[in-house]
Amino acid sequence: MAQDLNISEVTLQRRLRKGVYTHLVTSCPQLDTDKKGKFKIVRDWLKKGYVLFQRNDTMGIKKTAGSHPFREETIAIDMVVIPGGTFMMGSPAGEGSDEEHPQHEVKVSSFFMSKTPITQAQWRIIASRTDLKVNRDLDPEPACFKDDPNPKTLPNYQSSQTVPTRWDRPVEQVSWYDAVEFCARLSQLTGREYRLPSEAEWEYACRAVLPDASSISQSNQNPTYPPFHFGETLTDQLANYRASSTYADEPKGQDREQTTPVGSFPPNAFGLYDMHGNVWEWCLDDWHENYEGAPTDGKAWLDKKNSQQETSKVNANEKSKGSDDLTPESDNDNNSQLYKILRGGSWGINPNYGRGANRNYIDPVNHDFNFIGFRVVCVSGRTL
């Protein structure tokens, strides 16, 4: 039902779930500075045919007539504040391959990152909004895994918990261009800048380590981080990956052989979920074979003259059925000569490829892989 426009900000905060209130504010950027607590900007929405509505404990904005089938669905994306800081990007000596070196100091400004990879539900809402189209059409349901997951395969699941559905799984089978279009539509909808993370932002957020900047610059020895934000290795109770393979001395575990609902495993110190495994995640950066000449300000490393012609690398023993066999393909719509960065590993990959410093790449037009998804960042967001 329609909500009184004179409702105060305090009352609204009490009535709404935290995530939904964040969404409402994000959808109306002007509300952030409305000190009187009266949501005057909503009147402009009403003039365009929109009304406030409340369904149980959820409030959103919908159009009264001629609306898109999914327009009444609010797009709630929980964003986590990632505080700025300085860290050593890449692998220390003795870890990783040449492409993860040289380890170098990077200063990252604060930003907001989605708590989880984008879900199938979030993707459907934005992809269905053809009125927000910027450059390309989006398939509202591109994912391979459309069945509801078996909760018994999830760590620490209890019958009293809400049963997850397919819509809680991360979206996959989306190209880099698809992910960029999603961000562009979300930006247009909310009035804020959403985009893919830079590779430096992704690794910084994954490690969730805040070393003191002065100690990095003045010390003779670079700080070292464990391979995973959990520590020295992984188990199938910490992440969704090919747990029949091991990284250190951990016991072998369960190969789930599919995506799991986002947030099924413990978060890192920043409160981010699924940074290791589940789906590879697109980054903004072009592929470079090592960090020689890499930027140190945390921004994406883009080089339009990148002439890298190697096929996407995958260890030969990773090319079995169900593994992350990343093979570039052509696309008549884009015909890109560049490769884009992937981070984090996936449900079908050995734990070594899920390390915080591991780097992978693929042709950005590829959209046929059921182990590639993404998460978004926002440079001017708000969380409550």
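Is Asp274 buried or exposed? Select Asp274 in this predicted model: at 7% relative accessibility, Asp274 counts as buried, because the limit for that class is under 20%.

**Stop 1: the loop between helix 7 and strand 8**

Stay on Asp274, which is placed in the loop between helix 7 (213-218) and strand 8 (280-286). Its phi is positive, about 60 degrees, although Asp274 is not a glycine. Most residues other than glycine have a negative phi.

Go on to Asn278, placed in the loop between helix 7 and strand 8. Asn278 also has a positive value, with phi near 70 degrees. The relative accessible area of Asn278 is 0%, so this residue is buried.

Now select Leu238, again in the loop between helix 7 and strand 8. Leu238 counts as partly exposed, at 24% relative accessibility. What does Leu238 contact, leaving aside its neighbours within four places in sequence? Show Phe230, Thr233, Phe265 and Pro266, which are in contact with Leu238. Then draw a C-alpha to C-alpha distance from Leu238 to Ser264: the two are 26 residues apart in sequence and 8.9 Å apart in space.

**Stop 2: a cis peptide bond**

Select His101 and Pro102. The peptide bond from His101 to Pro102 is cis, and its omega is near -5 degrees. Most peptide bonds are trans. Pro102 is found in the loop between strand 4 (85-89) and strand 5 (104-108).

**Stop 3**

Zoom in on strand 7 and strand 12 (residues 377-378), which run antiparallel and are joined by 2 bridges. Arg195 stands opposite Val377 in strand 12. Arg195 is buried, with a relative accessible area of 19%. Its side chain forms a salt bridge with Glu193, where the closest N and O atoms are 3.8 Å apart. Glu193 counts as partly exposed, at 42% relative accessibility.

**Stop 4**

Select helix 4 (residues 120-127). How many of the 8 residues of helix 4 are buried? The number is 7, so helix 4 is largely enclosed by the rest of the structure. The buried residues are Gln120, Gln122, Trp123, Arg124, Ile125, Ile126 and Ala127. Their cover includes helix 5 (176-190).

Arg124 lies over the face of Trp167, at 4.5 Å from the ring centre.

Glu141 and Arg166 are 25 residues apart, and each lies in the loop between helix 4 and helix 5. Arg166 is buried, with a relative accessible area of 11%, whereas Glu141 is partly exposed at 33%.

**Stop 4: further salt bridges**

The model has 15 salt bridges in its count. One of them joins Arg185 to Glu181, with the closest N and O atoms 2.9 Å apart. Arg185 and Glu181 lie in helix 5, 4 residues apart, which is about one turn of the helix. Both Arg185 and Glu181 are buried.

For a network of salt bridges, select Glu199, Glu203, Arg207, Arg343 and Arg359, which are linked in this way.

**Stop 5: aromatic rings**

End with the rings of Phe, Tyr and Trp. The count comes to 11 aromatic pairs. Phe369 and Phe371 form a stacked pair, 5.2 Å centre to centre, with 15 degrees between the planes. Phe369 is buried, with a relative accessible area of 15%, and Phe371 counts as buried at 3%.

Last, select Phe87, Tyr204 and Phe270, which ring pairs link into a cluster.

Methods:
Residues numbered from 1 in each chain as written. Predicted model: local features only at pLDDT ≥ 70, side-chain atom pairs only at ≥ 80, totals over all residues. Heavy atoms only, no water. Phe/Tyr/Trp six-rings, centres within 6.5 Å; stacked < 30°, edge-to-face > 60°. Buried < 20%, exposed > 50% of the residue type's maximum accessible area, 1.4 Å probe, protein only. Lys NZ or Arg CZ within 6 Å of the ring centre and 35° of its normal. Pairing = 2+ DSSP bridges. Contact = heavy atoms within 4.5 Å. Salt bridge = Lys/Arg side-chain N within 4 Å of Asp/Glu carboxyl O.
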